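Have the sequence and the 3D view open side by side while you read.

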Amino acid sequence: MGTPGARSALPRATLWRPSRDDVDPQVKLRAVQLIEALGSWRTGEQGTVAGRSRVSALGLAPGLAGQAGPLLASADEAVLQVVDAQYGGILTDTASVLVVCRQWTRRADAVTAGGTTVDVRLSRAQPRWTVTALHPARPGPAASSLPPAARKVLDDSRIGLPPAARADVRSGHIHTTVLEAMLRLAGTYRMNLSVIRSGHPLDVFGTSRPSDHPHGRAFDVWQINGRSVVDSATPRRLIESFMRDAAATGSYNVGGPVQLGGGTLGQFFSDPTHHDHVHVGFRS
């Protein structure tokens, strides 16, 4: 039994920092600093007005606070922990950084765990990148019933699902082929996912070609067997093995930091956007 009048404590968070092996560490740092500032506050600092002040202190447009969505939920206090930041796309002068986070909020004496993924859009500026827009994930409500594969994915301890990705599976909008591929890969690997459906750009960044993610036909993995894909110390053979095994599940589109040979025409690809994760896509 808790002590009468005691206030529930929020967990402690650590500041996220990009890997030195990243394509452009500073663009990720800029995106993450904004999300950390928006999603954490002490008593008396809640609300959009205070959020605007925290954004302004970073030298960014205060109006971005109005795009923060669930990050600025009504609560007395909040703590945000960034899980990972991966590219939704990176070009010469524009970028999309998908900031995956967990958030704990306190209202009176009750602490609630949550979190989301935010597609942070940036453009190159001097002396550093600037944020132009925020697109928080919108997973949708949980389905009243789920197929067996979805329930198995939710229960599999070898498949790490951050809040928005878990909500995607619960929504019932993820194709069975995707869920079954996750389960097959989890038989060999422990993997942490970053994005499945929500929180990802609608189109392949920099193009008008629809992405497979918003249709529930793809997932991204940022960590395999506890090793980050972006880390140069992660054995290339581990990443190559994972990519080939992902293709063996039926994926027509496997991207990562390594350009593999073999497979069907165009089945494997690599580019700067996929330097920090493995993308596994399906046609249906």
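Two residues are in contact when heavy atoms of theirs lie within 4.5 Å. The model is predicted, so local features need pLDDT of at least 70, side-chain atom pairs count only at pLDDT 80 or more, and totals for chains, interfaces and linings use all residues. Residues are numbered from 1 along each chain as its sequence is written, and side-chain values use heavy atoms, with hydrogens and water left out.

Start at Asp 119, which is in strand β3. Strands (E, at least two residues) and helices (H or I, at least four) are DSSP runs, numbered from the N terminus. Asp 119 counts as buried because its relative accessibility is 2%; buried means under 20% relative accessible area, exposed over 50%, and partly exposed in between, with a 1.4 Å probe and protein chains only. Apart from neighbours within four places in sequence, the contacts of Asp 119 include Ser 96, Leu 98, Ala 133, His 135, Gly 199 and His 200. The side chains of Asp 119 and Arg 121 are joined by a polar contact of 3.0 Å.

Next come the pockets. On a 1 Å grid over the protein atoms alone, a pocket is an open set of points with protein on both sides within 12 Å along at least five of seven lines, and lining residues have an atom within 4 Å of a point. The largest pocket has a volume of about 460 Å³. Its lining has 23 residues, and Val 204, Arg 209, Asn 253, Phe 269 and His 274 lie nearest the centre. Strand β1 (residues 77–90) gives the most to this lining, with 4 residues.

The second largest pocket has a volume of about 270 Å³. Among the 14 residues lining this second pocket, His 135, Pro 136, Gly 199, His 200 and Leu 202 are the closest to its centre. Strands β3 (110–123) and β4 (130–136) each supply at least two residues of the lining, and β4 gives the most, with 3 residues.

Last, look at helix α5, which spans residues 176–186. Val 178, Leu 179, Ala 181, Met 182, Leu 185 and Ala 186 are its buried residues. They are on the same side of α5 because they cover an arc of only 160° around the axis, taken from the directions from the helix axis to the C-beta atoms. An α-helix has 3.6 residues a turn, so residues three or four places apart point the same way. The buried residues of α5 pack against α3, β5, α4, β6, β7 and α6.

Methods: On a 1 Å grid over the protein atoms alone, a cavity is a set of points where a 1.4 Å probe fits but cannot get out, and a pocket is an open set with protein on both sides within 12 Å along at least five of seven lines; lining residues have an atom within 4 Å of a point. Grid points are joined across faces, edges and corners, and a volume is the space filled by probe spheres set on the points. A polar contact is a pair of N or O atoms within 3.5 Å; within protein, one must be able to donate a hydrogen and the other to accept it, and residues adjacent in sequence count only if both atoms are side-chain atoms.
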